[in-house]
Amino acid sequence: MHVPVLLQSTIELLNIKEGDKVVDATLGLAGHSQEIAKILGKTGLLIGLDADASLLAKAKENLKGVPCQTIFINTNFRNLAGALDEQGIEEVSAVLFDLGLNSEHFDSSETACLPLGRGFTFQKDEPLLMTLASEISEETLTAKEIVNTWDEENIADIIYGYGEERLSRRIAHAIVEARKKKEIVTTFDLVEVIKSAMPANKLHGKTHFATKTFQALRITVNDEIGALKEGLAGAWIKLGCGGRVAAISFHSLEARTVKNFFKDKVVSGEGELVNKKAIMPEREEEISNPRSRSAQLRVIQKIK
Ligand SMILES: C[S@@+](CC[C@H](N)C(=O)[O-])C[C@H]1O[C@@H](n2cnc3c(N)ncnc32)[C@H](O)[C@@H]1O
């Protein structure tokens, strides 16, 4: 089950009022939005975005019967401003980004068009896709394409840059050697290749040895950092004066992107940080919801 992370702090710091228009840019299973909807009341509007159509359909179900009006948009949040324009929405009072994947993506990532799953986790043997898209077209980048066709240096660069994996060169070399013998098709194929590149003392650490490589591939496939920069910029365009943007990040690259965006707004005099230091979960939340462990909540208010 997906438990919303830092729920109370997020709701409190977003400072939502009855009748507001609020965007949940990462609707997921609508855990945060169910609470937001209660505050918005009959006169409020909740606009929920998700790049994953299958998640959006589930969120719709979860939000049935909420008092406020709702609009659901299946799009990447990098299109946030344009998507609101299409709905004739000029200004909103708050935008939430709860970044990364939903636990659904790990538990059951299959969709109607991709019944074998999308391969987000190394714990299940699934096709090596890692895309948030519910169906694949010719243009859809997949992890399989990266590991089987990109050159060794580019693979090493993303594993280092997006996975912060110090063994990136060894892993990239092992990938390129392995694919000469047989195409790397599934998550377990890739796990075996990564394992072959690992020194014995890295195989039984606290964090699984494939974690960083999987993270790097997922970030690349979905252009997560590029999308985040554009999404924050779009949210800022649509935010009314006095409105707030909240972002919950789960790894250092996301955190840095949010921090830098917020800092630029403070320096330019357009924004004011609501919390000077990132808010992290209390110990009890970390224990009851392990996914929350690396979460950091940052909130900014538009003042100009
Ligand atoms: C951590 S979950 C959100 C969970 C949600 N707050 C809840 O409580 O149920 C993140 C969601 O954002 C979606 N997502 C990730 N990147 C996205 C992007 N660039 N554009 C739109 N949706 C995205 C994922 O599909 C996932 O459903």
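This note goes through a predicted model point by point, from the ligand shell and helix packing to some single residues in loops.

1. Basis of the model. Residues are numbered from 1 along each chain as its sequence is written. Because the model is predicted, local features need pLDDT of at least 70 and side-chain atom pairs count only at pLDDT 80 or more, while totals for chains, interfaces and linings use all residues. Helices (H or I, at least four residues) and strands (E, at least two) are DSSP runs, numbered from the N terminus.

2. The ligand shell. There are 21 residues around the ligand, and those that come nearest are Pro 4, Thr 26, Gly 28, Gly 31 and Ala 51; a residue counts as near if its C-beta atom, placed from the backbone, lies within 6 Å of the molecule. Sorted by class, the shell consists of 10 nonpolar, eight polar and three charged residues, where Ala, Val, Leu, Ile, Met, Phe, Trp, Tyr, Cys and Pro count as nonpolar, Asp, Glu, Lys and Arg as charged, and the others, Gly among them, as polar.

3. Helix 2 and its surroundings. Helix 2 covers residues 31-40, and its buried residues are Gly 31, His 32, Ser 33, Ile 36, Ala 37 and Leu 40; buried here stands for 20 or more other C-beta atoms within 10 Å of the residue's own, exposed for 12 or fewer, and partly exposed for the values in between, with C-beta atoms placed from the backbone. These buried residues pack against helix 1 (7-14), strand 1 (21-24), strand 2 (45-49) and strand 4 (92-98), a contact being a pair of residues whose C-beta atoms, placed from the backbone, lie within 7 Å. Just after helix 2 comes Gly 41, which has a positive phi of about 65 degrees.

4. Helix 1 against helix 2. The two helices pack at an angle of about 45 degrees, and their axes are 10 Å apart; the axes are lines fitted to C-alpha atoms, for helices over the stretch in contact, and angles run from 0 to 180 degrees between N-to-C directions. Helix 1 is therefore oblique to helix 2, since angles under 35 degrees count as roughly parallel, over 145 as roughly antiparallel, 65 to 115 as roughly perpendicular and the rest as oblique. The contact joins Leu 7, Thr 10 and Ile 11 of helix 1 with Gly 31, His 32, Glu 35 and Ile 36 of helix 2, and the residues involved are three nonpolar, three polar and one charged.

5. Helix 7 against helix 8. The axes of helix 7 and helix 8 come within 8 Å and cross at roughly 140 degrees, which means that helix 7 is oblique to helix 8. On the helix 7 side the contact is made by Glu 152, Ile 155, Ala 156, Ile 159 and Tyr 160, and on the helix 8 side by Ser 168, Arg 169, Ile 171, Ala 172, His 173, Ile 175 and Val 176. By class, this contact has eight nonpolar, two polar and two charged residues. The loop between helix 7 (152-163) and helix 8 (168-181) holds Glu 164, a residue other than glycine with a positive phi, near 50 degrees. Glu 164 is partly exposed, because 14 other C-beta atoms lie within 10 Å.

6. Helix 11 against helix 12. Helix 11 (residues 224-238) and helix 12 (residues 252-267) pack at an angle of about 30 degrees with their axes 10 Å apart, so helix 11 is roughly parallel to helix 12. The contact is made by Ile 225, Leu 228, Lys 229, Leu 232 and Trp 236 of helix 11 and by Leu 253, Glu 254, Thr 257, Phe 261 and Lys 265 of helix 12; they divide into six nonpolar, one polar and three charged residues.

7. Phe 77. This residue is found in the loop between strand 3 (69-73) and helix 4 (80-86), and Phe 77 is buried because 26 other C-beta atoms lie within 10 Å. Leaving aside residues up to four places away in sequence, Phe 77 touches Ala 25, Thr 26, Leu 49, Phe 97, Ala 227 and Gly 231.

8. Two further loop residues. Met 130, in the loop between helix 5 (103-107) and helix 6 (143-149), counts as buried because it has 27 C-beta neighbours inside 10 Å. Pro 290, in the loop between helix 13 (283-288) and strand 7 (296-302), is exposed because 10 other C-beta atoms lie within 10 Å.

Terms used
Contact = placed C-beta atoms within 7 Å.
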